[in-house]
Amino acid sequence: HHQTFGMGIATYALVASVVSGISLPLGAALGIAFSPVGDKAVAAMMAVGAGALLFAVTVEMYAHSLHKFREGRLGMQEMLCTIAAAAGGAFFYLCINRKLEHMFQPGDGEESADGG
């Protein structure tokens with residue numbers, strides 16, 4: 001049974017959804033209040049968000065697989081496939097990230113708009 005902290009299941013679901021959804025308007029309000037925001041601050045915030053998302057996906061997907069493997073409901077071949085898919089996905093992400101980084105870097109031998 002899931003712990004609902006003394007609330008009914010519907011009330012608990014409402015509170016949980018409001019708490020999880022409040023980050024978007026809160027982040028928008030903070031962005032407006034503190035704009036303009038420097039590139040380093042934006043990069044840091046995006047890194048934290050990406051890390052949180054990666055952690056959530058990892059826990060949801062791989063912890064479940066490890067649990068099934070420990071119980072004997074998932075074989076070694078399936079577990080190795082899961083690990084290979086995770087490594088392949090990480091490699092794909094790094095390749096795309098590097099490509100996008102190079103696409104949006106200024107310069108690289110091109111002349112600027114002011115002729116310099």
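**Figure 1. The salt bridge between arginine 73 and glutamate 71.** In this predicted model, the count of salt bridges comes to one. The side chains of arginine 73 and glutamate 71 form this contact, with a distance of 2.8 Å from N to O. Arginine 73 has a relative accessible area of 54% and is therefore exposed. Glutamate 71, at 43% relative accessibility, counts as partly exposed.

Figure 2. Lysine 68 belongs to helix H3, which covers residues 39-71. With a relative accessible area of 26%, lysine 68 is partly exposed.

**Figure 3. Threonine 82, a buried residue of helix H4.** Helix H4 spans residues 76-103 and contains threonine 82. The relative accessibility of threonine 82 is 18%; because the limit for a buried residue is under 20%, threonine 82 counts as buried. In the protein as a whole, buried residues make up 4% of the 116 residues. Beyond the neighbours within four places in sequence, threonine 82 is in contact with Tyr62 and Ser65.

**Figure 4. The nonpolar surface patch.** Eight side chains are labelled in this view: Ile22, Leu26, Leu30, Phe34, Val37, Val42, Met45 and Met46 make a nonpolar surface patch of about 770 Å². Helices H2 and H3 are the elements that each give two or more residues to the patch. The largest share, three residues, comes from H3. Methionine 45 is one of the patch residues and lies in helix H3. At 52% relative accessibility, methionine 45 is classed as exposed.

**Figure 5. The cis peptide bond between serine 35 and proline 36.** Most peptide bonds are trans. The bond joining serine 35 and proline 36 is cis, with omega at about -5°. Where is proline 36 found? Proline 36 is in the loop between helix H2, residues 23-33, and helix H3.

**Figure 6. Phenylalanine 5 and its aromatic partner.** Phenylalanine 5 is placed in the segment before helix H1, which covers residues 9-21. Most residues other than glycine have a negative phi. The phi of phenylalanine 5 is near 55°, a positive value in a residue other than glycine. The count of aromatic pairs comes to one. Phenylalanine 5 and tyrosine 12 form this pair, with 6.1 Å between the ring centres and 40° between the planes. Why is the pair called tilted? Planes under 30 degrees apart count as stacked and those over 60 as edge-to-face, so the angle of 40° places the pair in the tilted class. Phenylalanine 5 counts as exposed at 59% relative accessibility, whereas tyrosine 12 counts as partly exposed at 26%.

Figure 7. A disulfide is a covalent bond between the sulfur atoms of two cysteines. How many disulfides does a search of the whole structure find? The search finds zero. Cysteine 81 is exposed, with a relative accessible area of 52%. For cysteine 95 the relative accessible area is 37%, and this residue is partly exposed.

**Figure 8. Overall arrangement of the elements.** This view places the preceding close-ups in the context of the chain. The protein has four helices and zero strands. From the N terminus on, the order of the elements is α-α-α-α.

Notes. Residues are numbered from 1 along each chain as its sequence is written. This is a predicted model: local features need pLDDT of at least 70, side-chain atom pairs count only at pLDDT 80 or more; totals for chains, interfaces and linings use all residues. Side-chain values use heavy atoms; hydrogens and water are left out. Buried means under 20% relative accessible area, exposed over 50%, partly exposed in between (1.4 Å probe, protein chains only). Rings of Phe, Tyr and Trp (its six-membered ring) pair if their centres lie within 6.5 Å; planes under 30 degrees apart count as stacked, over 60 as edge-to-face and the rest as tilted. A disulfide is a pair of cysteine sulfur atoms within 2.5 Å. Contact means heavy atoms within 4.5 Å. Patches are made of residues with over 30% relative accessible area and no salt bridge: like charges are joined within 9 Å, nonpolar side chains (Val, Leu, Ile, Met, Phe, Trp, Tyr) within 5 Å. Accessible areas come from the Shrake-Rupley method with a 1.4 Å probe; for residues, only the protein chains shown count as cover. A salt bridge is a side-chain nitrogen of Lys or Arg within 4 Å of a carboxyl oxygen of Asp or Glu.
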